[in-house]
Amino acid sequence: MAAPLQDEDWLDAKLHDEMPYIDDDGFTSRVSQELPVRRRSPKMRSAFLLSVGVVAAVIAYIVAGGGSFVMDVLGWFAVMPLSVLYIITIGCGLLVTAVGVFFAVSRSRKVRS
Amino acid sequence: MSLTDADLVARVLLDDDHHAFSELVRRHQSAVRGLLRNLTRADVALADDLAQETFLKAYKNIRSFRGEAKFSTWLYRIAYNSYREDARRRKELVGIDETQLEGEQDPQTVNPALRQDLMYALRLLPLHERTAVLLCCQHGLTHEEAARVLDIPLGTVKTNVLRGREKLKHSLAAWQNN
């Protein structure tokens, strides 16, 4: 043990030097064999969600009286003041943009990480 | 051109690519197993079991990896938590605490002179000081990264590293005098 113990960096250097490389020796393949298989792929999940959405829309259409509510809403909008319509339009636009930006940012973060 | 850890993680996230994850395991297995061997005081079998558990947990929870820290830092955190959970289970099961968990001597650490002395002195440190010294002085993590791994305040990490280093120096100086 000839190295000088007074040297502040001596211990750090020694600890760093004494970290031997551990041979893989089948470790990675053992871990790989244990990896779980995901039950549903992303494509399958998208198709499933789309199908559920279409079915839900059809059911909602039938339950709502075959689309008569559309005419009701149009009539409601027809008697509405123009300024209120502008506000609703701008509000909807901002909401959709905000939601889109939020999902785009979270998606890009996930990909970058 | 070799892919970065971030590229491999992205492949796992987007395509559930087992090969990409295996490459991550291959890259980090030595560091993770080394850390766990030192935490378990060279109980090789236990350390490798915990390392396997660490990588499986990492795979299952890879969506929670945000890339704010290095992938290796994230792995160390999982490894440390796995070790703590195991130590707690053992304490509950057989009534022994962490300081009594002496393992079988790892042949790789059996070496003459300084190396053996250093490893021996390291194993005498309390867990919190040993872990802080290992992460910062051996694995090259910054104090901030070690604080994230150990989930303790930055000041506590600095204190633990300082105390651990002082004790190591003292132990090795005593050996030198003998």
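Modeller: Start with a single pair of side chains, and bear in mind that this is a predicted model. B:E23 and B:R26 form a salt bridge, and their closest N and O atoms are 3.1 Å apart. That counts because the rule asks for a side-chain nitrogen of Lys or Arg within 4 Å of a carboxyl oxygen of Asp or Glu. In general, side chains of opposite charge can pair when their charged atoms come close. Both B:E23 and B:R26 sit in helix α2 of chain B, where they are 3 residues apart, or about one turn of the helix. Over all chains, the rule gives 12 salt bridges.

Now turn to where chain B meets chain A. How many salt bridges does the rule find across that interface? The number is 0. Polar contact is another matter: 7 residue pairs, both residues at pLDDT 80 or more, are counted between chain B and chain A. On the chain B side, the elements that give two or more residues are α1 (5-15), α2 (18-39), α3 (44-60), α5 (113-124), α6 (127-138) and α8 (154-177). Helix α2(B) gives the most to this side, with 10 residues. By kind, the residues on the side of chain B that touches chain A are 23 nonpolar, 11 polar and 12 charged.

As for extent, 46 residues of chain B are in contact with 32 residues of chain A. The size of an interface is often given as the accessible area lost when the parts come together. Here the area buried between the two chains is about 4,000 Å², and carbon and sulfur atoms give 63% of that area.

Chain A also has a nonpolar surface patch of about 1,100 Å². Its members include A:L50, A:V54, A:F69, A:M71 and A:W76. Two helices of chain A, α3 (42-63) and α4 (68-78), are the elements that give two or more residues to the patch. The largest share, 6 residues, comes from α4(A), and A:W76 is found in that helix.

Conventions: Residues are numbered from 1 along each chain as its sequence is written. Chains are lettered from A and ligands numbered from 1 in the order in which they are written. This is a predicted model: local features need pLDDT of at least 70, side-chain atom pairs count only at pLDDT 80 or more; totals for chains, interfaces and linings use all residues. Side-chain values use heavy atoms; hydrogens and water are left out. Contact means heavy atoms within 4.5 Å. Buried area is the accessible area (1.4 Å probe) that two parts lose on being put together, summed over both. A polar contact is a pair of N or O atoms within 3.5 Å; within protein, one must be able to donate a hydrogen and the other to accept it, and residues adjacent in sequence count only if both atoms are side-chain atoms. Helices (H or I, at least four residues) and strands (E, at least two) are DSSP runs, numbered from the N terminus. Ala, Val, Leu, Ile, Met, Phe, Trp, Tyr, Cys and Pro count as nonpolar, Asp, Glu, Lys and Arg as charged, and the others, Gly among them, as polar. Patches are made of residues with over 30% relative accessible area and no salt bridge: like charges are joined within 9 Å, nonpolar side chains (Val, Leu, Ile, Met, Phe, Trp, Tyr) within 5 Å. Accessible areas come from the Shrake-Rupley method with a 1.4 Å probe; for residues, only the protein chains shown count as cover.
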